[in-house]
Amino acid sequence: MALTLPEAGHADDFQLSNNQRISCSRGLSPGKLTTATCRSYAYLFNTKTSDYFRCSVSLAMTRDNKEVINVQTDGGCTKRERIFETDGNYTFDAAETEPPNTNSFFGPGGYAVWASDTTSRKLRGCIIIASGLGNDVSKCIDMTFD
């Protein structure tokens, strides 16, 4: 008699997005101080469940004409809802919009997420933008193949 055990011990696999971006800005403060702030985003994707985390890291440096006066860093990841309703074997990529002064209409902009099943022809594209009213607007579309 053969006994089959469920794959409960199988750990989820995670994939880092291949499309990290960095944007920097500069500002002048009173007293001839200059502050440069850089921020980068990346995505960590659960290849089994299609849950993902949007992660950011930032560094702000303040200096005068002679020395660096202050350096501040921040970072962390925020969990986002899964892209597909069922578990599978998925692959993933994401891209951020450019900084707000170029093509962003409502605050900090948005990002695009692409996920596909590595075992079947299944692809979903999602656009997430800041509404300017507190909640992001998110829509996903299943791709058709002609």
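Arginine 82 comes out partly exposed, at 30% relative accessibility (buried means under 20% relative accessible area, exposed over 50%, partly exposed in between, with a 1.4 Å probe and protein chains only). Keep in mind that this is a predicted model, where local features need pLDDT of at least 70, side-chain atom pairs count only at pLDDT 80 or more, and totals for chains, interfaces and linings use all residues. Residues are numbered from 1 along each chain as its sequence is written, and side-chain values use heavy atoms, with hydrogens and water left out.

Arginine 82 has a partner: aspartate 87 forms a salt bridge with it, and the closest N and O atoms are 2.8 Å apart. The term here means a side-chain nitrogen of Lys or Arg within 4 Å of a carboxyl oxygen of Asp or Glu. Aspartate 87 is partly exposed too, at 45% relative accessibility. By that rule, the count of salt bridges comes to three.

Now move over to arginine 124, which is buried at 10% relative accessibility. One of its salt-bridge partners is glutamate 85, with the closest N and O atoms 3.6 Å apart. That pair links distant parts of the chain, since glutamate 85 sits in the loop between E5 and E6 while arginine 124 belongs to strand E8 (residues 122-130), 39 residues away. Glutamate 85 itself is exposed, with a relative accessible area of 61%. Strands, by the way, are DSSP runs of E with at least two residues, numbered from the N terminus.

Aspartate 142 also bridges to arginine 124, and here the closest N and O atoms are 2.5 Å apart. Aspartate 142 lies in strand E9 and arginine 124 in strand E8, so this pair ties together parts that are 18 residues apart in sequence. Through shared partners, Glu85, Arg124 and Asp142 end up in one salt-bridge network. Aspartate 142 counts as partly exposed, at 45% relative accessibility.

Both E8 and E9 belong to an open sheet of four strands, in the order E6-E7-E8-E9 with antiparallel pairing. Two strands pair if DSSP finds at least two bridges between them. At the edges are strand E6 (90-96) and strand E9 (136-142), each pairing on one side only. E6 and strand E7 (residues 110-117) pair over seven bridges, and glutamate 96 has tyrosine 111 in E7 as its bridge partner.

Finally, look at glutamine 72 in strand E5 (residues 68-80). Leaving aside neighbours within four places in sequence, glutamine 72 is in contact (heavy atoms within 4.5 Å) with Ser58, Leu59 and Ala60.
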